[in-house]
Amino acid sequence: MRILRYVFSVIWLVMASYGVMTKDFRFSDIMILFLGLTMLVLGLEAFKKEQRGIGVFLIVVFLFSFYVSIEWFLIN
């Protein structure tokens with residue numbers, strides 16, 4: 001789980017940095033997807049640590065970001 005968290009976080013950070021530096025936001029939908037996947041992994045880790053409130057919140061954030069990224073894929 002820890003490796004997935006780091007991989008998703010690095011991918012998200014690279015895409016966000018690219019968008020900010022170049023003012024080219026064509027990868028925003030993929031960036032939001034990886035941000036959501038990071039939140040999913042963090043939520044699952046919180047459930048493992050018996051922190052249900054934080055886990056539920058992070059899973060809800062994942063679902064919302066997943067919905068937004070799918071909408072963005074369909075619009076573009």
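Buried residues (under 20% relative accessible area, with exposed meaning over 50% and partly exposed in between, for a 1.4 Å probe and protein chains only) make up 26% of the 76 residues in the protein. The model is a predicted one, with local features needing pLDDT of at least 70, side-chain atom pairs counting only at pLDDT 80 or more, and totals for chains, interfaces and linings using all residues. Numbering starts from 1 along each chain as its sequence is written, and side-chain values use heavy atoms, with hydrogens and water left out.

As for the overall layout, the protein has three helices and zero strands, running α-α-α from the N terminus on. These elements are DSSP runs numbered from the N terminus, where helices are H or I with at least four residues and strands are E with at least two. The C-alpha atoms fill a box of roughly 40 × 25 × 15 Å along the principal axes. The accessible surface (Shrake-Rupley method, 1.4 Å probe, with only the protein chains shown counting as cover for residues) comes to about 5,400 Å², and 75% of that belongs to carbon and sulfur atoms. Of the contacts (heavy atoms within 4.5 Å) with a separation of 6 or more, 50% are between residues 24 or more positions apart.

On to helix α3, which covers residues 52-75. Its 24 residues reach 34 Å from first C-alpha to last, close to the 34 Å expected at 1.5 Å a residue; that expected span is 1.5 Å times one less than the number of residues. The buried residues of α3 are G55, L58, F62, S65 and S69. An α-helix has 3.6 residues a turn, so residues three or four places apart point the same way. Among what covers the buried residues of α3 is α2 (28-48).

S65 makes a handy example from this helix. Its relative accessible area is 8%, so S65 counts as buried. Setting aside neighbours within four places in sequence, S65 is in contact with I32 and G36. L37 sits 28 residues from S65 in sequence, and the two are 8.7 Å apart in space, C-alpha to C-alpha.
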